[in-house]
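Dear colleague,

Please find below the structure I wished to hand over to you. My notes on it follow directly after.

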Amino acid sequence: MSRRRPIAAASGAGTLNLVPMIDVVFQLLVYFILGLSLEMDEELIRTDLPRRQAAAGIAIDDEPAFVDIAPASAGKLPMTVRGPISFSASTPAELRSRVREAISGPRPTLAPSQRFVLKPLPGATWDDAIEAFNALAGAGATRIAFWREATP
Amino acid sequence: MERRAARTTNRGFATISANLTPLIDLSFLLVIFFVLVIRISSAERVPLELPTPEEPVSELPDNDRRVVVSVVPDASDPTRATIQAGGRLFTTDDGGLDEFLAFVAAARAAAPDSFLNVRADASLPYATVRPVLEAIADSGGTPPKVQLVVRREGGS
């Protein structure tokens, strides 16, 4: 004497088992979410660039401060500032401190609109240039540009 | 009476199951979204050792229109570089720089408000990156809106 199987159970035998597919889809989701967040470690420093122009007379009140950047070595980044203020700095932190004092110290000698022109010397790397740019921007300078030779 | 009793018994076999279709739809849409975003971002983000300045004054990128310019050091000679922008490669010799300048000029003419994000390897000599900046500066129109890409301290 055989037992009858319930009708509902028999009809359920034809359904798809979706659980493995959902597992895979969620694994993919986790993978992409993690992969995307790992790439979001880049930031931007805003800048402007000088346009090529013929050499023109520089007004006294608009005399730029040139920052010569020598190649970094032994943890030092020798920089020389020439122009309305003149001094040497051996680290980006020192440059930042000195320029901040000149712009917003008790007795400011430079306006925040003072132009700074970065002049990386032969051998200096892109990293050195960025360090100097970042130090000036952090000191409150708002007009920083890279030096280029004017063409007649 | 007997028929009603039998019907009641059959109802006891009904199973309660969640409708998983909307969940699967949503999950697949999310997967497609992330696949597309990762493909776009990986095309823009050539693997580079970006500068990591101390106490950076950098800002997080926003959704402005941008042209990403990557300056990638050559494997054979780290003082030389290749420019990657808009899915194209440019050399840093005179011919390549002229092509790059034309590319930037065309991109800026098409979208004058777009930013130019410059990504360059930290170890590259500045002299190698300088012609790229000069080509951007010479690309005509209004002064270019350039942003220097750095790596956030503590980033991977």
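At what angle do the axes of helix H3 and helix H4 of chain B cross? In this predicted model, the axes of H3 (residues 94-110) and H4 (residues 126-137) of chain B cross at roughly 40 degrees and come within 9 Å. Angles under 35 degrees count as roughly parallel and those from 65 to 115 as roughly perpendicular, so H3(B) is oblique to H4(B). The crossing of these two helices, H3(B) and H4(B), is right-handed.

As to the residues involved, H3(B) contributes B:Leu97, B:Phe100, B:Leu101 and B:Val104, which meet B:Pro131, B:Ala135 and B:Ile136 of H4(B). The contact of H3(B) with H4(B) comprises seven nonpolar residues, with no polar and no charged ones.

I turn next to the two chains together. Chain A places 45 residues in contact with 52 residues of chain B. On the chain A side, the elements that give two or more residues are helices H1 (7-12), H2 (19-39), H3 (92-104) and H4 (126-139), together with strand S1 (42-47). Of these, H2(A) gives the most, with eleven residues. By class, this side of chain A has 27 nonpolar, twelve charged and six polar residues.

Strand pairing also links the chains: S1(A) pairs with strand S5 (residues 146-151) of chain B in the antiparallel sense, over six bridges. Within this pairing, A:Leu44 has B:Val149 in S5(B) as its bridge partner.

With kind regards

Definitions and conventions: Residues are numbered from 1 along each chain as its sequence is written. Chains are lettered from A and ligands numbered from 1 in the order in which they are written. This is a predicted model: local features need pLDDT of at least 70, side-chain atom pairs count only at pLDDT 80 or more; totals for chains, interfaces and linings use all residues. Axes are lines fitted to C-alpha atoms, for helices over the stretch in contact, and angles run from 0 to 180 degrees between N-to-C directions. Helices (H or I, at least four residues) and strands (E, at least two) are DSSP runs, numbered from the N terminus. Angles under 35 degrees count as roughly parallel, over 145 as roughly antiparallel, 65 to 115 as roughly perpendicular and the rest as oblique. A crossing is left-handed if the near helix is turned anticlockwise from the far one by less than a right angle, and right-handed if clockwise. Two residues are in contact if their C-beta atoms, placed from the backbone, lie within 7 Å. Ala, Val, Leu, Ile, Met, Phe, Trp, Tyr, Cys and Pro count as nonpolar, Asp, Glu, Lys and Arg as charged, and the others, Gly among them, as polar. Two strands pair if DSSP finds at least two bridges between them.
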